[in-house]
Amino acid sequence: MKKFQIKNWLVKSLGVLLVIIMAISCNKDVPEATPIAPAPITGISIGTIISTDPSFTILKAAVTKAGLLPLLSDSTLNMTLFAPDDAAFTASGITLPAISVLRAGFLDTVLRYHLVSQRLPSSAIGATFPNRQSPTFLNPAPALSALLRLTNFPTTRNGGWINNIPLKQVDIVASNGFIHKVAAIVAPPQRYLWDRINTDPDLTYLKAAIVRADSGVVATAPGSLVGALNNIGANLTVFAPKDSSMRAFLTGAITLALINQGVPPATAVATATALASTPAVFSNPALYAALPAQSVKGIVVYHILGQRAFTNNFPTTATAYPTLLNGAVPTHPGVTLQAIFGIPGVPFAAAATVKGIGNASASKLIINLPPVSDPAGSNDQHFLNGVLHKIDQVLLPQ
């Protein structure tokens, strides 16, 4: 019995020893890893390009005054600059002498919004819907968070854009990234969507509808429309019916409701016209039953996409996209978008429409040619948390 135990132990020990010897032998055959040297940086930096290219004299002056030239010249970084050339600055109303009177801090803010913190060739931007969201070097509220960054929205669809500004030339290669020339200054957004809706004299009915939809809901609570329209973390597109469109819709809806209650048509029209004559129609207690908050909210959220949709990225054939209503009704078909391009010499959409499934015809976006920015513009109005387009009809979800 003892001999058997000794023999068994010896066999096991020899087996373990054999495994160790084989492992040592194998390790001797494996050569030491050779570090892979990084590819050498070649070419000249973005800073050098804008300092030497004669089409960038105003940009060079702006970058120098803002103190950004060392950043743009650092070949150890990766970045992409959407660069306004001299013609783009001039188109935006800024000449070379004007740079000397602009504050360095203002120039720093504007230029950082043109600068994306990654290498972004046009092939990586893509032409899908919606526009690509790209973090910039601009922190709009450093006191809130050191990591906060405003984003811009480039696309190569329909000719190439950043937000609502056309791209003139793409893929100028630098040692630390890419330069894409833009047709005008890409202004960073300053306000929230609610700021525009709350103050626009032609959106008073929409404002009243949003307030009615939020009845009993605190603005900071989940589900508040005012809260969403004030949320810097949101990405929204609001199709905003102008007052005359809202008034016409409400007059028709109230007239039909009164007729269904047995009111003579002439009386129904007169009564409905009076009731719908001001935005107070939404705050009139006598109409709460006819305009319940939940129904009003359903109409409002049907006018909002959960992504930023610039007309330059609208499809040229009618295509359906979901709205915020799909959060409550997942199978809803959404709204149909379409844009028309092709006016000679005009890179912008000549016309654009959005159609609700309950509308007999598509609603037209009120297009500005040339583009006009907030607060006077009516399409492609860019805000901290989304885009706004004025439209000429109320969208009907059913």
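Two strands count as paired if DSSP finds at least two bridges between them. Helices (H or I, at least four residues) and strands (E, at least two) are DSSP runs, numbered from the N terminus.

This is a predicted model, where local features need pLDDT of at least 70, side-chain atom pairs count only at pLDDT 80 or more, and totals for chains, interfaces and linings use all residues. Residues are numbered from 1 along each chain as its sequence is written, and side-chain values use heavy atoms, with hydrogens and water left out.

I'll start with the sheets. One is open, with 4 strands in the order E10-E9-E16-E15 and mixed pairing. E15 and E16 (residues 386-391) are antiparallel over 3 bridges, and Gln-381 stands opposite Leu-388 in E16.

In the other open sheet, 4 strands run in the order E11-E12-E13-E14 with antiparallel pairing. E11 (319-321) and E14 (363-364) each have a single partner strand, so one side of each has no neighbour in the sheet. E13 (residues 351-355) pairs with E14 over 2 bridges, and Val-354 stands opposite Ser-363 in E14.

Now the helices. H10 (residues 204-213) packs on H14 (residues 293-301) at about 130°, axes 8 Å apart; axes are lines fitted to C-alpha atoms, for helices over the stretch in contact, and angles run from 0 to 180 degrees between N-to-C directions. Which residues of H10 and H14 make the contact? They are Ala-209, Ile-210, Arg-212 and Ala-213 of H10, and Ala-293, Val-296, Lys-297 and Val-300 of H14, contact meaning heavy atoms within 4.5 Å.
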